[in-house]
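Hello,

Here is the structure I said I would pass on.

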Amino acid sequence: MIAGYRRPAPGVHPRNDAPAYASTAQRAPRKHAIKIPHTLSEITGPRFDSTPALSADLTRFDGGAALGERIIVAGRVFDDDGRAIPHALIELWQANAAGRYAHPTDQHDAPLDPHFSGVARILTGDDGEYRFITIKPGAYPWRNHPNAWRPQHIHFSLFGPGFAARLVTQMYFPGDPLLALDPIFNSIADPVARERLISRFELETTVAEYALGYQFDIVLRGREATPGQD
Amino acid sequence: MSTRLTPSQTVGPFFGPALIRASDGRMADGGARGERIVIEGRVLDGAGAPVPDAVIEIWQANAEGRYDHREDTQEKLLDPNFHGFGRAGTGASGEYQFHTIKPGAVAGEGVALQAPHINVCVFARGLLHHLMTRIYFPDESAANSADPILNLVEPERRATLVARDAGKSSPRILRFDIVLQGDHETVFFDV
């Protein structure tokens, strides 16, 4: 018997059918997803051990320094039994300090920064830890509803040990007044789970005379106990 | 049940520079063993419109039916030239493409074998949580009828999970459209 991944509690992950987020209207499936037991296909997944570095500095690109407020983001990746997940691939992307992505379809009338690409790939260390230095992303408008603005955020993509633990999410910043108004953030039904996407300012992560530090831990699915080992 | 999990959020529209590299869709370039195949298709929304900002990830066993992963302890050969993961973004008409090999059958529960299949994960703007599905093969009808996962699907919807042969070509081209919503909605799995 295979020990599968534990199912998420209701309300943790958003439902795709979320009317306040207009793009879901034509894209959310209408039929129920069919629950399947976990086989080798679900508990296995790709490994990226040899690919990227253990840390990244996004504040310099193409021979110059990016504009904006430098910040440090650090944390650990765990499973929900509290076990560190080493060598997990984290892929990051974000807008620049002016709220503009270095992406051809981003037409927001804010300046691009030639010294900021806003992307990185890192691996967690032996204790699941990660750290990167970046520029605090700006808020930006989107056309979901009149005068709609996304809160400042950094996109995270994570590969844990199995494909069933795959996660793409967004990290937010404490005290952002746009969070209360954001249909994407508020698509998470459970308010306690929602708060877990807000990073924490932390003086220990802050580097004197250099940059403020934010702590953001990420928890991926843990495993069911193996039958017979309960 | 998991209670401390980090919630999912949409991949949004601006993931390209971070996630998409053309080489990630060419999985058999390193001399992998097995039948070379091309998997291609379109991602369509509930209005039948193309979804030009989706990411498709696939994860599959090698030609012997073994996953390159420490938890796959089946007595089958690993292929040092095939690792089983691919990723592609969709283009303006919603199309995606992978160059890979046909996977072998892998173990299911107990003694049951699963029919050869490719695991698929779909991300897009407008999807707050990724969708999981599977691609099965049109030349495996006996194995498909015995597949324990396909058999969890209502018979009239199973065809959405079987790729179509796109005519004679070498390598073989298999079409697999992913319909997010509507009458011909692809079957998605709660994994």
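Below is what was found, starting with where the two chains meet.

Please keep in mind that this is a predicted model.

**Where A meets B**

The contact involves 62 residues of chain A and 58 residues of chain B. Several elements of chain A give two or more residues each to this side. The helices are H1 (40–43) and H2 (191–195). The strands are E1 (34–35), E6 (89–94), E11 (153–159), E12 (167–172) and E15 (218–220). By class, the side of chain A that touches chain B has 30 nonpolar residues, 18 polar ones and 14 charged ones.

**A strand pair across the chains**

Strand E1 of chain A also pairs with a strand of chain B. Its partner is strand E12 of chain B, residues 189–190. The two run parallel and are joined by 2 bridges. Within this pair, A:Ile34 stands opposite B:Phe189.

**A sheet in chain A**

Chain A has an open sheet of 4 strands, in the order E7-E6-E11-E12. The pairing is antiparallel. Strand E7 (119–123) and strand E12 of chain A are the edges, and each pairs on one side only. Neighbouring strands are turned by 25° against each other on average, direction ignored.

Look at E11 and E12 of chain A in particular. They are joined by 6 bridges, in the antiparallel sense. A:His155 has A:Gln170 in E12 of chain A as its bridge partner.

Best wishes

Terms used:
Residues are numbered from 1 along each chain as its sequence is written. Chains are lettered from A and ligands numbered from 1 in the order in which they are written. This is a predicted model: local features need pLDDT of at least 70, side-chain atom pairs count only at pLDDT 80 or more; totals for chains, interfaces and linings use all residues. Two residues are in contact if their C-beta atoms, placed from the backbone, lie within 7 Å. Ala, Val, Leu, Ile, Met, Phe, Trp, Tyr, Cys and Pro count as nonpolar, Asp, Glu, Lys and Arg as charged, and the others, Gly among them, as polar. Two strands pair if DSSP finds at least two bridges between them. Axes are lines fitted to C-alpha atoms, for helices over the stretch in contact, and angles run from 0 to 180 degrees between N-to-C directions.
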